Amino acid sequence: MVASRSPFANYFLLVLVSFCLLRFGDRINYETLTLTLPRTNTTAVSDVNDVVDREPARRNYIVRFVEYKDAEDHRAYLQGKIGLDGWEWIERRNPAAKFPTDFGVVAIDDSVRTALIEEFERLELVKDVSADLSYSRSVLAEGDDRVGAFADGKKRPGKIFSSMSYSEGECYATAISNSTISWNRQLLMQRYQVTSFFGARGLWEKGYTGAKVKMAIFDTGIRANHPHFRNIKERTNWTNEDTLNDNLGHGTFVAGVIAGQYDECLGFAPDTEIYAFRVFTDAQVSYTSWFLDAFNYAIATNMDVLNLSIGGPDYLDLPFVEKVWELTANNIIMVSAIGNDGPLYGTLNNPADQSDVIGVGGIDYGDHIASFSSRGMSTWEIPHGYGRVKPDVVAYGREIMGSSISANCKSLSGTSVASPVVAGVVCLLVSVIPEHDRKNILNPASMKQALVEGAAKLPDANMYEQGAGRVHLLESYEILKSYQPRASIFPSILDYMDCPYSWPFCRQPLYAGAMPVIFNATILNGMGVLGYVESPPTWHPSDEEGNLLSIRFTYSEVIWPWTGYLALHMQIKEEAALFSGEIEGNVTVKIYSPPAQGEKNVRRSTCVLQLKLKVVPTPPRSKRVLWDQFHSIKYPPGYIPRDSLDVRNDILDWHGDHLHTNFHIMFNMLRDAGYYVETLGSPLTCFDAHQYGTLLLVDLEDEYFKEEIQKLRDDVINTGLGLAVFAEWYNVDTMVKMRFFDDNTRSWWTPVTGGANIPALNDLLAPFGIAFGDKILNGDFSIDGEHSRYASGTDIVRFPAGGYVHAFPFMDSSESAATQNVLLTSGMAKADSPILGLLELGEGRIAVYGDSNCLDSSHMVTHCYWLLRKILDFTSGNIKDPVLFSTSVRRAAALYQDDNQLPSRRTDVDFSTYSAVVGKELICRSDSRFEVWGTKGYSLHVRGRNRRLPGYPAIDLGRGLNSTVETSYLKQPQWTQNNKGEHSGNNIFGLLYRDELDMPVLVASHWLVPALVAISGLLLFLSFWRIRQKRRRRRKGSSSGRLGNL
């Protein structure tokens, strides 16, 4: 009997073991692998073990509540609801303690952090829990360096920020190189006061000096008995240092520009009541909780104006951002510096980039935009269509005289200097309105209306450099004297004939068949903090030709606080394909707000936006280029690293990667060359390839839908679309070494991809037999006398026979090439690396290049616009440059590298957090042609699908979006080799998956072997079971026969 049951037991045991392997194999794999980081002097803070040792066992978190109560009530509520230990309520002893609050600070042990945060956020009265971020900024004295969040590749303590002011003699980077400009000239300000350039004395003589205006200065404090000030009403300390004095000098300087009375450095409003909020320590550090308490106190004590001299690229610090909204909603006019990251575009700082804040840029005394002043557009809106015009206004910000700690005067430059200039102007304007009417008339919207409508437009700057222009105190005064609450649109006119102010719109006219041109304007509602759009906006053409313009609108149906947006999506109708001329008219939108206190009727206002547009006949296909914006990802929310690894003081890619931000010089060059460049903000299924000569893919970080890959293949081979690709570096070893521990979010930050997402790009290019590698190449080269710098670019590792490939001897600086580089320095010659490939395929033409830094104006060493022009001549017009297409570079055999040697995706990063593709639906958005809005695209009759990447383990994000888990980054997918004539990218078992690129591509060791074992065991068990059954039937049959015979 034992012998008869033993095989069955063995089979059952085999199946059970196989099932366990299948169920838990991937978990075993993750738990047994650890991540070991080498010691580094690059972008990591320091050796990982050293950092871990320094991490505190208990950290502070902000618990936000849904309502204001006394702190003790919030404390009692949490203590009564939370049963877990490992946390402690932090008592905050500051002036705000006597007022109700909407948040608390708790210290949480790391060992129970996740469980406790989940418990807190389950509570009905808790809004959310977030880390108590620290802020740090550079407040410069004489001789300080211009520094930001990163220094020599290492992250400084605190929140990521931009430097705010500079002393005399500072140097500033140029737009297209690392060279510098010295500003060691004598000051015009040594003889003249900045107040005289605005005509402040004219208002002083009328008796307006800022009296009874409560000015909150959030900075480094001020001395109580400083002789430059006559009206210091209150000094409060929000830091953990026991002092109210300013030991750095920045807070004193800002206060002097606003309200100083010393003859040598006069302020604008000497009678303004100064409320000095000391929110920075002597070490220039602050915390979100300090700001939140100080903001609450400013609300509770009814401040009129608030000047904020901090800023940075992170617009996702929600407790901070939402508190700014609450401040302005409580009728506090906030003025903030736009940032000192100029002359680069797409470098606006938060909170000055918010529409409810008056964002201030800087100019010099020649009315030229200061080189340091950050430029627009607002990048946080780019993923939703298009950014808005910022700064709002500009003011003198170079070599401004202000008060020093020693009761003398000194000069500083920067937008944090221009900001108090405007804050002083605002205080002076507030005092113009009688005190009993101020809160009824003045608010963040009405003050911004007075400033932008009264501003003087500068002749040599565009709207994203100057906003409305230079502040004009007297013009704004005239507007406020007769102001009646109303709504308006800023900018109030879009004029294609007004260059350079209307750049980039004035650089490229409209034409039929183009992607919609989006203009994103701001609605300013001076009627109330809350407003509504009464009816959809309407287009009113001036004549019949205006009917050739089709406009769709997206807009804020609810306007709060004080502001909203109105986006115009403009297309020329197909019947105007041959039309050339101008179209004029108005867009109107009706706004209403609830009645003000003491009123019975709803407040109503009609906003008008004037349009003066230029239209030309539709250009030929060969002159039309389509720029892919959809697949670009930037910081925030993800740690997207800078494209050039040589840039060690600005390691984040946060400038937008848009034609009109850090690629604006390239855009101008293409227009000068006669090309028409359009932007695609939707998937590749959402454009008609018959209309374009070239699709331009530059520095892209996102994934691709399966349908995009299939459509692009057909567009190139069958439709004749040209494809130009400018890639970037991608090396997993280098990415892991770039990670650092962020003391703000209490989490590890690691790059979510390289300079570009090469694995995704290789999937896109696989149908053409093209792939990039994981080298990081640097070096100089020349083609036909044109010299260029290859800065952290990648190499080409696959390219078909018959194509033209250019290779140069470069050094590989990737982490994985460290051993090779040691050998090279010992005397070995550097091998040639392929970096440029050109190919004719079917009806189309393809060009690929491994570096985009030469097109990006952010940190460009040398440009390669000459190469881009030659590439577009080829891809769009089949014009072959004799040097690029020399027979000496034509490949007789295909360049090929096995799948298992291609760059692979990281499995320790949840890419769906940052992606517009992974886990998202394929759909054409409002920046695509009207006929495909809300669909899957052209000729695509399939259901939408969500793009998925290889599976991820469950991870704790640590309340930060850049966190990673400790899994092996060295794990490489085991790909099978595809047929060399038809590559399908990094898919395993292409025979099974075919082109199903959105199926999970898992590492084989996770599931493949256990699955095969389980299936084999099951089949073996079934085989033996069938054999046993047949034997039993035969035995039963023979027994019956014997009985019959008997």
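Predicted model: local features only at pLDDT ≥ 70, side-chain atom pairs only at ≥ 80, totals over all residues.
Figure 1. When contacts in the chain between residues at least 6 apart in sequence are considered, 78% of them join residues at least 24 apart. The structure also holds 42 salt bridges, and several of these are shown in the views that follow.

**Figure 2. The pairing of helix α7 with helix α8.** Helix α7, formed by residues 288-300, and helix α8, formed by residues 318-329, have axes that come within 10 Å and cross at roughly 10°. Because angles under 35 degrees count as roughly parallel, α7 is described as roughly parallel to α8. On the α7 side the contact is made by Thr288, Phe291, Leu292, Phe295, Asn296, Ala298 and Ile299, while α8 contributes Pro319, Phe320, Lys323, Val324, Glu326 and Leu327.

Figure 3. The side chains of Lys711 and Asp715 meet in a salt bridge with an N to O distance of 2.7 Å. Since these two residues are four apart in helix α15 (residues 706-717), they are separated by about one helical turn. Lys711 is buried, and Asp715 is buried as well.

Figure 4. Arg470 and Asp367 meet through their side chains in a salt bridge of 3.4 Å, N to O. Arg470 lies in the loop between α12 (463-466) and α13 (473-481), and Asp367 lies in the loop between β16 (358-363) and β17 (393-396), so the pair ties together parts that are 103 residues apart in sequence. Arg470, at 15% relative accessibility, counts as buried, whereas Asp367, at 24% relative accessibility, counts as partly exposed.

**Figure 5. A network of salt bridges.** Four residues, Arg64, Lys127, Asp128 and Glu322, are linked in a network of salt bridges.

**Figure 6. The surroundings of Gly249.** Gly249 is placed in the loop between β11 (232-237) and α6 (250-259), and its relative accessible area of 1% is why Gly249 counts as buried. Leaving aside its neighbours within four places in sequence, Gly249 is in contact with Thr220, Ile405 and Lys410. Gly249 and Arg223, which are 26 residues apart in sequence, lie 9.8 Å apart in space, C-alpha to C-alpha.

Figure 7. Ile1015, Leu1018, Leu1019 and Leu1022 together make a nonpolar surface patch of about 360 Å². One of these residues, Leu1018, is placed in helix α21, which is formed by residues 1004-1045, and with 43% relative accessibility Leu1018 counts as partly exposed.

How values were computed
Residues numbered from 1 in each chain as written. Heavy atoms only, no water. Patch = residues over 30% accessible without salt bridge, like charges linked within 9 Å, V, L, I, M, F, W, Y side chains within 5 Å. Areas by Shrake-Rupley, 256 points an atom, 1.4 Å probe, with all protein chains shown as cover. Buried < 20%, exposed > 50% of the residue type's maximum accessible area, 1.4 Å probe, protein only. Axes fitted to C-alpha atoms, helices over the stretch in contact; angles between N-to-C directions. Parallel < 35°, antiparallel > 145°, perpendicular 65-115°, else oblique. Contact = heavy atoms within 4.5 Å.
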